[in-house]
Amino acid sequence: MTGRLQGLELRRVAMPLVSPFRTSFGTEHERDVLLVRAVTAEAEGWGECVALSGPLYSPEYVDGAQAFIKRYLIPLLRRFDGHVYALEPLFEPLKGHPMAKAAVQTAVLDAHLRAAGLPLGSFLGATKATVPAGVSVGIMDSIPALLDAVAGYLAAGYLRIKLKIEPGWDVEPVRAVRERFGDDVLLQVDANTAYTLTDAEQLARLDPFGLLLIEQPLPEDDIRGHARLATMIRTPICLDESIVSARAAADAIALNACRIVNIKPGRVGGYLEARRIHDVCAANGVAVWAGGMLETGLGRAANVALAALPGFTLPGDTSASDRYYAQDITEPFVLEDGHVAVPTGPGIGVEPLRDVLDSVTTETEWHNFTSVS
């Protein structure tokens, strides 16, 4: 899978959400998405940068990711003519910026796989034709609003409910959902680093509700704190923001800081590293699931392919397109019997709907590589 790049397009699109999505670090009303299109003589490929508008979930933000790609990655790519695996050592001297790197790597990988006629799922080692779908429910203004939202998602067929929590919105929402919908609903919570170890007693109050897991309760750099918390609560701890690489996953597992890992390719620098994290966790008997960052259909397609690997044994945030967008920029992903189908076409297996894509595009810039000798 080689092929010299002819150029790279950076495209910004504005995607209104069907409803505001609130977490412990902020509220999203619209996604400002950076898309990367890599063009070779044989094919073109797409990557989606999952950075948010501001440095809230991670240090990266969409304006910064675009500037980083333009200033640092594109000069390297102008002379790149190797296997897609060569991108990682090529980018390695540049510290950080995994979401920007992941977007470029995914676009190049997609182009190469399309030229080879190979689906991303097959390339990664997928073993499933469909993946079980969960849904992430943001922090609501009231308990009745939360219960209405959960009722709608369960009626739609989602197999797992994830509730965003923060101090002041944790035990009571979980209690209300359990009382309304019963103990058979697969239920988990996500704190997005909103707590500290001093909150262990409060977090232990979630134990009676039989949660699948509590995701990233403490700051991302507090691995030892998570290991300590794991001895103080019964609910299994899942790490998200802390897992930035396969090495970080191995360290967290060795320290007993988590029993489950959420894998987000953008957070770890791309699908190649995401697969390595899957392999590390599988080798250590640690369950993994696929997280999401409100992706469009382009990013969702790649995530669904990853979630089809054998170690992904828990439903992920692989929701249908209409969970977030009234009109996606690809043919929509739909929920069937609680599952989403893994694309079978070459590369990520989906194409943007050009008219829709153009209608939501706010900016494009083309970087031509063919003039470089």
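Predicted model: local features only at pLDDT ≥ 70, side-chain atom pairs only at ≥ 80, totals over all residues.

I began with a pair of helices. Residues are numbered from 1 along each chain as its sequence is written, and side-chain values use heavy atoms, with hydrogens and water left out.

Labels next: helices (H or I, at least four residues) and strands (E, at least two) are DSSP runs, numbered from the N terminus.

**Entry: the helix pair**

At what angle do α9 and α11 pack? I got about 20 degrees for α9 (residues 246-254) against α11, with the axes 8 Å apart. Axes are lines fitted to C-alpha atoms, for helices over the stretch in contact, and angles run from 0 to 180 degrees between N-to-C directions. So α9 and α11 are roughly parallel to each other (under 35 degrees; over 145 is roughly antiparallel, 65 to 115 roughly perpendicular, the rest oblique).

**Entry: the sheet**

I found an open sheet of four strands in the order β3-β2-β1-β13, with antiparallel pairing. Its edge strands are β3 and β13, each pairing on one side only. From one strand to the next, the twist averages 20 degrees. Two strands pair if DSSP finds at least two bridges between them.

Then I looked at β1. Strand β1 (residues 5-23) pairs with β2 (residues 26-40) over 14 bridges, in the antiparallel sense. In that pairing, I spotted Met 15 opposite Arg 31 in β2. Strand β13 (residues 361-368) also runs antiparallel to β1, and seven bridges join them. Here Val 13 faces Thr 361 in β13, and Leu 10 stands opposite Glu 365 in β13.

**Entry: the largest pocket**

On a 1 Å grid over the protein atoms alone, a pocket is an open set of points with protein on both sides within 12 Å along at least five of seven lines; a cavity is a set where a 1.4 Å probe fits but cannot get out, and lining residues have an atom within 4 Å of a point. Grid points are joined across faces, edges and corners, and a volume is the space filled by probe spheres set on the points.

How much space lies in the largest pocket? I read about 650 Å³. Its lining has 23 residues, and Gly 96, Pro 98, Val 244, Val 268 and Gly 269 lie nearest the centre. Helix α11 turns up again: α2 (87-91), α3 (98-116), α10 (265-268) and α11 (271-283) each supply at least two lining residues.

**Entry: the cavities**

I listed three cavities of 30 Å³ or more. The largest cavity holds about 220 Å³. Of its 20 lining residues, Phe 21, Lys 164, Gly 292, Met 293 and Leu 294 lie nearest the centre. Strands β1, β2 and β6 (160-164) each give at least two residues to that lining.

The second largest cavity has about 160 Å³ of space. It is lined by 18 residues, with Glu 48, Val 50, Tyr 271, Gly 299 and Asn 303 closest to its centre. Which element gives the largest share of this lining? I found α12, with four residues.
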